[in-house]
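My notes follow the display.

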Amino acid sequence: SYTVSDSATGEPIATFHMDLHPRRGTFGHAAAFPLIRTRQLPDGSRQQPEAAIVANFTRPTTDKPSLLQHHEVETLFHEFGHILHQVLSRTELASFSGTEVERDFVEAPSQIMEHWTWEPEILEQFARHHESGEPIPTELIDSMVAVRRLNQAVATLRQVQFGKLDLELHRTAPGRDLDSIVAEVEKVSLFPHHEGTFFPASFGHLLGGYDAGYYGYLWSEVYGDDMFSRFSKEGVRSSEVGADYRREILESGGSRDALDHLRAFLGRDPENGAFLEKLGIPRP
Ligand SMILES: [Zn+2]
C-alpha cells in the first residue's frame, strides 16, 4: 500500500494498493479498481480516494525476484494511469470522480502511460539487472524501440475488427444469424475466417460494462497519443506539462466533457496526427 502526497503541500491526498502476482481466487487479468471514490464532504473537506491494481505478473521464485517482461511493465504503467486518474481527482461528486468519464475517453489516461515505458531516459531510471544493478543497455532499448511497431497493421486491424463486431452485435435485431455477422466482420482483419469457430464466445468485453464500447480503446488511444505529443515536444519529464495534465485531464474527472479537457490541455482541438504517425501513416 502506498500513500500519495501532494508535493506542494506535503499533505497525504490518497492511498493505493498493488496486488501484482497470481493468487488463488483473485482477478485473473490486470485492472485498476476504485475502492473509495473521492468527493467533497458536507463540511467542505475531501473524501480521500483509495484504489487498487490487481494483476498477474511473473511471480518471484525462491532464488529470483519478480522479473517483469517489458509488456508487463507496459501493463503496470497502463493500470497506474487509471490509478492516477482515480487518486488525483478533485471533483465535487463521487459519481464524476476519476475514471467516471466517457467510456470512449477512459482509456486515454491509461494508454498515454504506455509511452513512458519506451523512453530511454525513463527506462534508465528503474530497469536494472537484478544481480549486477547495471542499467538496461542503450543498444537493447534501441532494438526494442526499433521493433515496437512490428505487425502493428495486423494488431490495429484486429482492434478495428473487435470494435466493429461489438457494435454490430449490439445493434443486431434478434433472430439474425450471428455466425454470418462474425464472418463478415472478420474480413476487416484480412485473415480468412476459420469455419466452426465463434470468437464472441470468448470476447469478455462484449458485456459487463463495455457493451458496444470496445471501440473506445482505439478511440482513446488517439487522444492518448495526441496528449503525449505535448510531453514529446516539451519533455517527457516536464513537471510543467505534468502539472497541466494533472489539472486539466485528471482532476476534473467526468465533471466536464472530455473534449473540453483535451482543448484545455492541448490548447487546440484534438487531432489524430500523432496516432497516424505512430502507425507509420503520414498526417493528412
Ligand atoms: Zn485500461
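Helices here are DSSP runs of H or I with at least four residues, numbered from the N terminus. The model I examined is predicted.

Entry 1, helix H9. I looked up the run at residues 258-266 and found Ala258, His261, Leu262, Phe265 and Leu266 buried. They lie on the same side of H9, because they cover an arc of only 110° around the axis. I then asked which helices the buried residues of H9 pack against. The partners are helix H7 (216-234) and helix H8 (239-250). Just after H9, I noted that Gly267 takes a positive phi of about 75°.

I recorded His78 (NE2), His82 (NE2) and Glu107 (OE) as coordinating the zinc ion, at 2.1 Å. The sequence spacing of these donor residues reads H-x3-H-x24-E. His78 and His82 are separated by about one helical turn, because they are 4 residues apart in helix H1. I checked burial for this pair: both His78 and His82 are buried.

I searched for cavities of 30 Å³ or more and the structure holds 1. The largest cavity has a volume of about 60 Å³. Which elements each supply at least two residues of its lining? I found strand E3 (31-36), strand E6 (50-54) and helix H1 (70-87). The lining residues include Pro34, Ile36, Glu50, Ala51, Gln86 and Val87; Ser97, Gly98 and Thr99 are also among them. By class, I noted 5 nonpolar, 5 polar and 2 charged residues in the lining of the largest cavity.

How values were computed. Residues numbered from 1 in each chain as written. Predicted model: local features only at pLDDT ≥ 70, side-chain atom pairs only at ≥ 80, totals over all residues. Heavy atoms only, no water. 1 Å grid on protein atoms, 1.4 Å probe; cavity = no way out; pocket = protein on both sides within 12 Å on 5 of 7 lines; lining within 4 Å. Points joined across faces, edges and corners; volume = space filled by probe spheres on them. Nonpolar A, V, L, I, M, F, W, Y, C, P; charged D, E, K, R; others polar. Buried < 20%, exposed > 50% of the residue type's maximum accessible area, 1.4 Å probe, protein only. Arc of directions from axis to C-beta. Contact = heavy atoms within 4.5 Å. Donors = N, O, S within 2.8 Å, 3.2 Å for Na, K, Ca; no water.
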